[in-house]
Amino acid sequence: MTYKIEIPKDGKKISFKNGKLAVPDTPIIGIIKGDGIGPDITSAGKMVIDAAVKKAGGGKKKIAWMELLAGDQGAAKAGDLLPKETFDAIKEYLVAIKGPLTTPVGEGHRSLNVTLRQELDLYACVRPVKYFTGVPNPMKKPEELDVVIFRENTEDVYAGIDYEMGSAQAKKIIEAVKAFGKNIKEDSGIGVKPISEHASKRLVRAAINYAIAYGKKTVTLVHKGNIMKYTEGAFLKWGYEAAKQEFKDKTITEQEATQPDGTIKIPDGKILVNDRIADSMFQQLLLRPSEYSVIATTNLNGDYISDACAAQVGGLGIAPGANINYTTGHALFEATHGTAPKYADLDKANPGSFILSGAMMLEYLGWTKAADLTIQGLEKAIKGKKVTYDFARQMDGATEISCSEFAKKIIEEINKM
C-alpha cells in the first residue's frame with residue numbers, strides 16, 4: 001500500500017547552499033500530525049504559526065504546508081508506521097515539523113522518532129528551556145534557568161544496539177567479554193554504547209557555533225567520564241579538542257580562565273568552555289542555573305537533563321525541540337512530550353510545546369520576527385490566565401479553555417503587536 005503526497009502548488013522548495021538555507025517566501029514545510037493529542041496540537045499550532053508569519057511578513061510570506069503520514073495515520077492510510085514516501089519527502093524538502101508519535105515500551109516497533117533522527121542523520125537534538133512568566137512551576141526563581149541543550153542524537157543508547165536476555169547475540173557478546181577477563185551474568189540483556197570522535201566533535205561544534213551566533217557565555221560539556229572513561233570520557237576529551245582546535249580565537253577553557261585566587265576571568269569576546277559530571281550537573285541546574293547557557297552532552301544524559309530542566313520551568317507541555325543536521329540543512333522540529341492518548345480528540349491539550357517548536361523552526365528559516373511574535377504571543381496569553389487545563393488547575397484565578405481557544409488567544413496577542 002502506498003500513498004501520494006499532495007505537494008502544495010503555491011509552495012517552493014527550500015534549498016541548502018554553501019552551508020546556508022535559501023528560503024523562498026512560500027516554503028514547503030512537511031507536517032506530521034502525530035498520534036493521540038497530535039492532531040489537536042498541530043492544528044492549533046499551525047494557526048498560530050501562520051498568524052505570526054502573516055503579521056511579520058505583512059502578508060508577503062506564507063508557509064505551504066505539506067501533510068505527511070506517520071504513526072497511527074501512516075499505518076491506517078499507507079499500511080506503514082513510517083511510509084517511505086514520508087521519509088523521502090522530508091529528505092527532499094529539508095524541513096518538517098511533527099506532533100508526538102506513539103512508541104511501545106519494552107516490545108513492538110522501534111521508536112519512529114529515533115528512526116527519523118537516525119535515518120536522516122539529525123545528529124543534534126536542540127532543546128531550549130526557559131521560563132515564561134506565569135507558568136506554574138516548583139521553583140523559587142525559575143527565571144534564572146535559561147539554557148539550550150545540545151544532545152547527541154545518533155549514538156549512545158540511540159544506536160539501538162540492544163539484545164534480549166538469552167538471545168544468540170547476547171550470548172555471543174557475553175562470551176566475547178569473558179575473553180577480556182570480565183564477567184556478565186548469563187541472564188543479562190545486553191546493550192552496546194558506542195560514542196565516536198566524529199559524532200562527538202560535530203555535536204560540540206554545533207553547540208559552540210550556536211553560542212557564538214546567539215551571544216551565549218558558556219558551553220558546558222556534560223559527561224560521566226569518571227566512570228566510563230573511553231566513551232563518556234572520550235566525549236569530554238574530543239569536545240575540548242574541538243573547542244581548542246577549531247575555535248581557539250573564540251573560546252577559553254575553565255582551567256585557562258581560572259585565576260590564582262580561584263576566580264574565573266573570561267576575556268571579552270570569549271566563550272567559556274567547561275565541563276561537569278552528569279550527576280553533579282543536575283544539582284548545578286537546581287542551585288546555580290544562571291551559570292549555564294549552552295549544554296553539550298551525550299544522548300542519555302541529554303534526555304534526562306532536558307526533561308529535568310523542563311520540569312523546573314513548568315514541564316514538557318511548553319518544552320520545544322529540534323533535530324538538526326547542520327551539514328545537510330535537514331531539520332525536524334517536534335513537540336517533545338508524549339501522545340497522551342486519553343486526551344485524544346478532546347481539544348484539551350496544551351499546544352505550547354508544538355508552538356514553541358514552530359518558533360524554533362521559524363528562527364531556523366531566518367524568519368526571526370515571526371519567531372519572536374510567536375513566543376511573545378504565547379507568553380502574553382499565559383499572563384492573561386485563559387489557559388489549557390494543565391496550567392489552569394495550578395494557577396490562581398485562571399480560566400480553563402480548550403486547545404484551539406488557547407491558540408486563538410495567542411493569535412489575538414500576536415495581532416495586537
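This is a short chat about a predicted model of one protein chain.

Reader: How many helices and strands does the protein chain have?

Author: There are 14 helices and 17 strands in the protein chain. Its radius of gyration is 22 Å, close to the 22 Å from the globule rule for 417 residues, so the chain is as compact as a globular protein of that length.

Reader: What box do the C-alpha atoms fill?

Author: Roughly 65 × 60 × 50 Å, taken along the principal axes.

Reader: And what share of the residues is buried?

Author: Of the 417 residues, 52% are buried. As for contacts with a separation of 6 or more, 71% are between residues 24 or more positions apart.

Reader: Switching to helices. At what angle do helix 6 and helix 7 pack?

Author: At about 50°, and their axes are 8 Å apart. Helix 6 covers residues 197-213, and helix 7 covers residues 232-246. An angle of 65 to 115 degrees would count as roughly perpendicular and one under 35 as roughly parallel; helix 6 and helix 7 are therefore oblique to each other.

Reader: Is that crossing left-handed or right-handed?

Author: Helix 6 and helix 7 make a right-handed crossing.

Reader: Which residues meet there, helix 6 with helix 7?

Author: From helix 6, they include Leu 203, Val 204 and Ile 208, along with Glu 197 and Lys 201. Among those on the helix 7 side are Phe 235, Trp 238, Ala 242 and Glu 246. By class, this contact has seven nonpolar, three polar and five charged residues.

Reader: What about helix 1 and helix 11, how do they cross?

Author: Their axes come within 9 Å and cross at roughly 40°. Helix 1 is residues 38-57 and helix 11 is residues 352-365. This pair is therefore oblique, and the crossing of helix 1 with helix 11 is right-handed.

Reader: Which residues in helix 1 meet helix 11?

Author: Ile 41, Thr 42, Gly 45, Lys 46, Val 48, Ile 49 and Val 53. In helix 11 their partners are Phe 354, Ile 355, Gly 358 and Leu 362. The contact of helix 1 with helix 11 divides into seven nonpolar, three polar and one charged residues.

Reader: Buried or exposed?

Author: Ala 206 has a relative accessible area of 7%, so it is buried.

Reader: What does Ala 206 touch?

Author: Leaving out residues up to four places away in sequence, Ala 206 touches Tyr 123, Phe 150 and Tyr 326. Tyr 123 is 83 residues from Ala 206 along the chain, and their C-alpha atoms are separated by 9.7 Å.

Conventions: Residues are numbered from 1 along each chain as its sequence is written. This is a predicted model: local features need pLDDT of at least 70, side-chain atom pairs count only at pLDDT 80 or more; totals for chains, interfaces and linings use all residues. Side-chain values use heavy atoms; hydrogens and water are left out. Axes are lines fitted to C-alpha atoms, for helices over the stretch in contact, and angles run from 0 to 180 degrees between N-to-C directions. Helices (H or I, at least four residues) and strands (E, at least two) are DSSP runs, numbered from the N terminus. Angles under 35 degrees count as roughly parallel, over 145 as roughly antiparallel, 65 to 115 as roughly perpendicular and the rest as oblique. A crossing is left-handed if the near helix is turned anticlockwise from the far one by less than a right angle, and right-handed if clockwise. Contact means heavy atoms within 4.5 Å. Ala, Val, Leu, Ile, Met, Phe, Trp, Tyr, Cys and Pro count as nonpolar, Asp, Glu, Lys and Arg as charged, and the others, Gly among them, as polar. The radius of gyration is taken over C-alpha atoms; the globule rule is 2.2 Å times the number of residues to the power 0.38. Buried means under 20% relative accessible area, exposed over 50%, partly exposed in between (1.4 Å probe, protein chains only).
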